[in-house]
Structure formats: structure tokens, C-alpha cells
Amino acid sequence: MSVEKTVLDMWAALSARDWEGLKSHLAEDCIYLDVPVGPTAAAKGPDDIVKRLKIGLEPLASYENFTGLLVVDGENAMYEHHEEWHWSTGESAVLRFVTVHRVENGKISLWKDYWDMSALANHAPPSWLEDFASADMSWMYDASGVV
């Protein structure tokens, strides 16, 4: 499978919140790093990455990823895209991302999201940060010095 297809198929699964489909595109030792949060709050492995993603995405009334520019250089890909988040309380946010992926043997082995955290914090419902603070954090992996 090509790097481009692996990346786009993974994002299609995430957009559909197809957690098992998403995991099928991740290497067993894949590291997910939400760059604004920092390397001490990374996640490693498909199960923990999904736990991490569910904290933000599962409570949403709707979520969709919109494709953009994808540039591939060997096993590395840079993907410019945006997401739309909608809460059942009426709030919504458009989050613009540049994501870096490394794809090895048809699986994503590194996933780094670069985005503006204030774009979310300024539009999320007041309970959003409280909900995040009380979430299961068993997924946390310190990727300092690794990524």
C-alpha cells in the first residue's frame, strides 16, 4: 500500500470515528504526538492512541476531517487539512492542521499533529477542559527524546 493511500485511508477512518479501522493503519509501536500539548503527553500503540483520540472526539455530536494538500517524500508525508468539531450544546470549531506521518511497511509509525490549541479552546463549550482533565489518562507516554 502506498504512503498516500495509508495516510488518506487512516484519516477517512478517523473522520468516520471507525476506531478499529483507524487502528488497522497504525504500527504496533506508532507514536502519536499532539505537538501543542508536548511530548510528555504522547500516546504509543494503536489502543492507547485511540484512547487519546476518543477523549476529544467521542463526545462530539459530529466530527469530520476535510482533505487538503498531501506531500509525500519517501516514507514521510505532510498533510495539510482541517477538522470541523460540533458539540451537542451548539458550539463548533474549525481546526486547521499540518500533520506529519512516517509510514513503514504499510503502517503509520509516527503521527505528529501541529495545530493552534486556542482555535479549540476559544470555541469549545465551557465544560470541555474540565471533561478533558477528568478523562482516563492511562494512555500517556513520554516521547521526550524519541520524536
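For contacts, I count two residues as touching when heavy atoms lie within 4.5 Å. The model is predicted, so I keep in mind that local features need pLDDT of at least 70.

**Entry: V146**

I started at V146. I found V146 in the segment after β8 (140-141). Not counting residues up to four places away in sequence, V146 touches I31 and Y141. Buried or exposed, or in between: where does V146 fall? I read 49% relative accessibility, so V146 counts as partly exposed. E83 is 63 residues away along the chain, and the C-alpha atoms of V146 and E83 are separated by 27 Å.

**Entry: overall layout**

I went on to the secondary structure. The protein comes to five helices and eight strands. From the N terminus on, I read the order as α-α-β-β-α-β-β-β-β-β-α-α-β. The radius of gyration is 15 Å, close to the 15 Å that the globule rule gives for 147 residues, so the protein is as compact as a globular protein of that length. Along the principal axes, the C-alpha atoms fill a box of roughly 40 × 30 × 25 Å.

I checked burial next. Of the 147 residues, 44% count as buried. The protein exposes about 7400 Å², and carbon and sulfur atoms supply 51% of that area. I also looked at contacts between residues at least 6 apart in sequence. Of these, 57% join residues at least 24 apart.

**Entry: charges and salt bridges**

I counted charged side chains. There are 11 positive and 24 negative ones. The centres of the two sets lie 4 Å apart. How many salt bridges does a search of the whole structure find? I got six.

I looked at D47 and K23 first. Their side chains meet in a salt bridge, at 2.9 Å from N to O. D47 lies in helix α3 (residues 46-57) and K23 in helix α2 (residues 19-23), so the pair ties together parts that are 24 residues apart in sequence. K23 has 19% relative accessibility and counts as buried. The cut-off for buried is under 20%. The pair also belongs to a network: E20, K23 and D47 are linked by salt bridges.

E20 lies in helix α2. At 56% relative accessibility, E20 counts as exposed.

I turned to D34 and R52. These side chains meet in a salt bridge at 2.5 Å, N to O. The pair links distant parts of the chain, with D34 in strand β1 (residues 26-34) and R52 in helix α3, 18 residues apart. Which side of the burial cut-off does D34 take, buried or exposed? D34 is buried, at 4% relative accessibility. R52 is buried too, at 7%.

I then noted E58 and K54. Their side chains form a salt bridge at 3.9 Å, N to O. E58 is partly exposed, with a relative accessible area of 46%. K54 is partly exposed as well, at 28%.

**Entry: K112**

K112 sits in strand β7 (residues 107-115). K112 is buried yet has no salt bridge. Which side chain of opposite charge is nearest to K112? I found D113, 11 Å away. What does K112 contact, leaving aside neighbours within four places in sequence? I listed L33, V35, V98, T99 and V100.

**Entry: positive phi**

Last, I looked up backbone angles at two residues. R17 has a positive phi of about 50° although R17 is not a glycine. I placed R17 in the loop between α1 (3-15) and α2. R17 counts as partly exposed, at 22% relative accessibility.

N105 is not a glycine either, and has a positive phi of about 55°. I placed N105 in the loop between β6 (92-104) and β7. Is N105 buried or exposed? N105 counts as exposed, at 82% relative accessibility.

How values were computed:
Residues are numbered from 1 along each chain as its sequence is written. This is a predicted model: local features need pLDDT of at least 70, side-chain atom pairs count only at pLDDT 80 or more; totals for chains, interfaces and linings use all residues. Side-chain values use heavy atoms; hydrogens and water are left out. Helices (H or I, at least four residues) and strands (E, at least two) are DSSP runs, numbered from the N terminus. The radius of gyration is taken over C-alpha atoms; the globule rule is 2.2 Å times the number of residues to the power 0.38. Buried means under 20% relative accessible area, exposed over 50%, partly exposed in between (1.4 Å probe, protein chains only). Accessible areas come from the Shrake-Rupley method with a 1.4 Å probe; for residues, only the protein chains shown count as cover. Lys and Arg count as positive and Asp and Glu as negative; His and the chain ends are not counted. The place of a charge is taken as NZ of Lys, CZ of Arg, CG of Asp or CD of Glu. A salt bridge is a side-chain nitrogen of Lys or Arg within 4 Å of a carboxyl oxygen of Asp or Glu.
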